[in-house]
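Trainee: Please walk me through this structure. Start with what you mean by a contact.

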Amino acid sequence: MKPQTLHCHTTFCDGADSPAAMAAAAFAAGCGAIGFSGHSPLPGQESWCMAPDKLAEYRRAVTALKAEYAGRMEVFLGLEQDYDSPDTGPDWDYKIGSVHCLPLPDGTLLGLDESAATLAAGVARWFAGDWMALARAYYARMARVDTVTGGEIVGHFDLITKFNEGGAQFDEGDPVYREAALAALHALAARGRIFEINTGAVSRGYRTAPYPAAFLLRELAAVGGRITFSSDSHSAATVLYGYREAIELARACGFSRCWYRTGRGFVEGPLPVV
Ligand SMILES: [Zn+2]
Ligand SMILES: [Zn+2]
């Protein structure tokens, strides 16, 4: 099977390239499909989210590409719907449900993937320095991210480990951490949600392995969970970044099948060849 890249950002949000440039790169890389997943509008987070008045133009730009690539590569109009974003309606080919922030008692949002310093300062101030309290709060949201966002795909399941390479911020082996993460994983897997093996933080130099961590992937495979592959690409140069390694990781964790978006919805198939 040809690979798909279903988690892509463009200049409509915080990506570097236009939808046309991303589609051309995906086609040149041999993708069977590209799906666009611009960040849903989120008040106060305009630096990385789409502006509400850009949604119609985004829709038009991607729809034009569907016609342009007809018969050569499938093009899907998706959205990365944030947990805190206002409803964007059902009229999308699919949604990726993601938690990028946690709401704070002062009414602001703590950005989880902005920087290591922002996250550490947030934990110090709002969680009394207790990283396990952060983990419990985060995974409580992740456990229902699909029902809140309408996302069929679970976005970067363990995003709070973005800056935790080598255990720099907390111990991912802590039983409290594992219990919180596994509870969310089991809830989402039981509802048939598709977890992305996401290489975005690897391409940007934060991590050496994709999300989710191997212990989570092994458990997901053990319970018959569903996966897809994504690069969370923010530029034309990274549409299939790290897929070969991600596919090997999936295989090593017990997967021999994954899920693809088609004109008939999501269907299961063999692991892609890149
Ligand atoms: Zn995201
Ligand atoms: Zn993304």
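Mentor: Two residues are in contact if their C-beta atoms, placed from the backbone, lie within 7 Å. Keep in mind that the model is predicted.

Trainee: Against which elements do the buried residues of H6 pack?

Mentor: First, the residues themselves: Tyr177, Ala180, Ala181, Ala184, Leu185, Leu188 and Ala189 are buried in H6. They cover an arc of only 155° around the axis, so they sit on the same side of H6. Their packing partners are helix H4 (131-142), helix H5 (145-149), strand S7 (153-154) and helix H8 (214-222).

Trainee: How far apart are the end C-alpha atoms of helix H6?

Mentor: H6 runs over residues 175-190, which is 16 residues. At 1.5 Å a residue, the helix should therefore span 22 Å. The model agrees: the end C-alpha atoms are apart by 22 Å.

Trainee: Which residue with a positive phi follows H6?

Mentor: Look just past the helix. The phi there is near 75°, and the residue is Gly192.

Trainee: What is the radius of gyration of the protein?

Mentor: The protein has 274 residues, so a compact globule would come out near 19 Å. The model's value agrees with that: 18 Å.

Trainee: What share of the contacts with a separation of 6 or more joins residues 24 or more positions apart?

Mentor: The protein has 9 helices and 11 strands. Among its contacts with a separation of 6 or more, residues 24 or more positions apart account for 70%.

Definitions and conventions
Residues numbered from 1 in each chain as written. Chains lettered and ligands numbered in written order. Predicted model: local features only at pLDDT ≥ 70, side-chain atom pairs only at ≥ 80, totals over all residues. Helix = DSSP H or I, 4+ residues; strand = E, 2+ residues; numbered from the N terminus. Rg over C-alpha atoms; globule rule 2.2 N^0.38 Å. Expected span 1.5 Å × (residues − 1). Buried ≥ 20, exposed ≤ 12 C-beta atoms within 10 Å, placed from the backbone. Arc of directions from axis to C-beta.
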